[in-house]
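Look at the chain below, and keep the sequence beside it while reading. The paragraphs that follow go from charged pairs to a sheet, and then to the helices.

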Amino acid sequence: MHLQEKTISSKPYYQGKVFYVTQDKAQLESGNIVQRDVVHHSGGVGVVPLTSRNTVLLVKQFRYPMQQITLEIPAGKLEPGENPEKCGRRELKEEVGRTCNTFITLGTIYPTPAYDTEVIHIFLAQGLSEPQDQELDEGEFLDVVEVPLEQIVSMIMAGKIPDAKSQIALLKTYLLLQQKEKNSEIEKCKGNS
């Protein structure tokens, strides 16, 4: 079949705490057999906590593979079979100490589909509660910062927020709010005519 690759074999290669790797043999549409190394990950969730002031609660944390502190939306790993919304609400509470009234899906993303099975579910959280204590996991250290959404868009465009899930979720949130504002203006114009 065109643009399909058939798995011929799959051999466990590495088992880690967060993911495992298989070394696969796949048959291309030409009939050739190739090796595919696949990282298997249970997936994750990212949440944009948007305040009534159009600011976003972001987290600053050290990311070991990149050897730097990053600015990201609250996020976490899905347990196998876990409901993404439940996971997102848990991460919101754990990382920024908030709950919310409204939880809107912003879709899913494949961060690295060339070699990784991870799917990240992204959400927009609105109607945030008053701040409560964080409930960080053992070994998790992060700071919460509040940044205006307009400023975040400028930061993304200037390369100051390199995390892919955060860029996508924040830009989708910005676009969604722009569309709502535009639709509201159209409705006002219709009501005045």
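E5 is partly exposed, with a relative accessible area of 43%; partly exposed is the range between buried, under 20% relative accessible area, and exposed, over 50% (1.4 Å probe, protein chains only). This is a predicted model, in which local features need pLDDT of at least 70 and side-chain atom pairs count only at pLDDT 80 or more, while totals for chains, interfaces and linings use all residues. Residues are numbered from 1 along each chain as its sequence is written, and side-chain values use heavy atoms, with hydrogens and water left out.

What does E5 form with R36? The two form a salt bridge, with the closest N and O atoms 2.9 Å apart. The term stands for a side-chain nitrogen of Lys or Arg within 4 Å of a carboxyl oxygen of Asp or Glu. E5 lies in the segment before β1 (6–15) and R36 in strand β3 (residues 33–41), so the pair ties together parts that are 31 residues apart in sequence. Helices (H or I, at least four residues) and strands (E, at least two) are DSSP runs, numbered from the N terminus. R36 is also partly exposed, at 32% relative accessible area. Side chains of opposite charge can pair when their charged atoms come close.

The whole structure has 11 salt bridges. One of them joins R89 to E85, at 3.1 Å from N to O. Both residues lie in helix α1, 4 residues apart, which is about one turn of the helix. R89 is partly exposed at 31%, and E85 is partly exposed at 33%. Elsewhere, salt bridges that share partners join R63, E72, D163 and K165 into one network. Another salt bridge links the side chains of K77 and E79, at 3.9 Å from N to O.

Next comes the sheet. It is an open sheet of 4 strands in the order β7-β4-β9-β8, with mixed pairing; two strands pair if DSSP finds at least two bridges between them. At the edges are β7 (75–77) and β8 (100–109), each of which pairs on one side only. From one strand to the next, the twist averages 20 degrees. Strand β4 (residues 44–49) and β7 run antiparallel and are joined by 3 bridges. Within this pair, V45 stands opposite G76 in β7.

Helix α1 (residues 84–96) lies across β4, β7, β8 and β9 (120–128), at about 55 degrees to β4. For such angles, axes are lines fitted to C-alpha atoms, for helices over the stretch in contact, and the angles run from 0 to 180 degrees between N-to-C directions. Contact means heavy atoms within 4.5 Å.

Which residues of helix α2 (residues 149–157) are buried? They are L149, I152, V153, M155 and I156. These residues cover an arc of only 160 degrees around the axis, which puts them on the same side of α2; the arc is that of the directions from the helix axis to the C-beta atoms. On the other side of α2, E150 and M157 are exposed. The cover over the buried residues of α2 includes β5 (55–63), β6 (68–72), β10 (143–148) and α3. After α2 comes G159, with a positive phi near 80 degrees.

The last stop is I168, found in helix α3 (residues 164–192). I168 is partly exposed, at 32% relative accessible area. Leaving aside neighbours within four places in sequence, I168 is in contact with I109 and I122.
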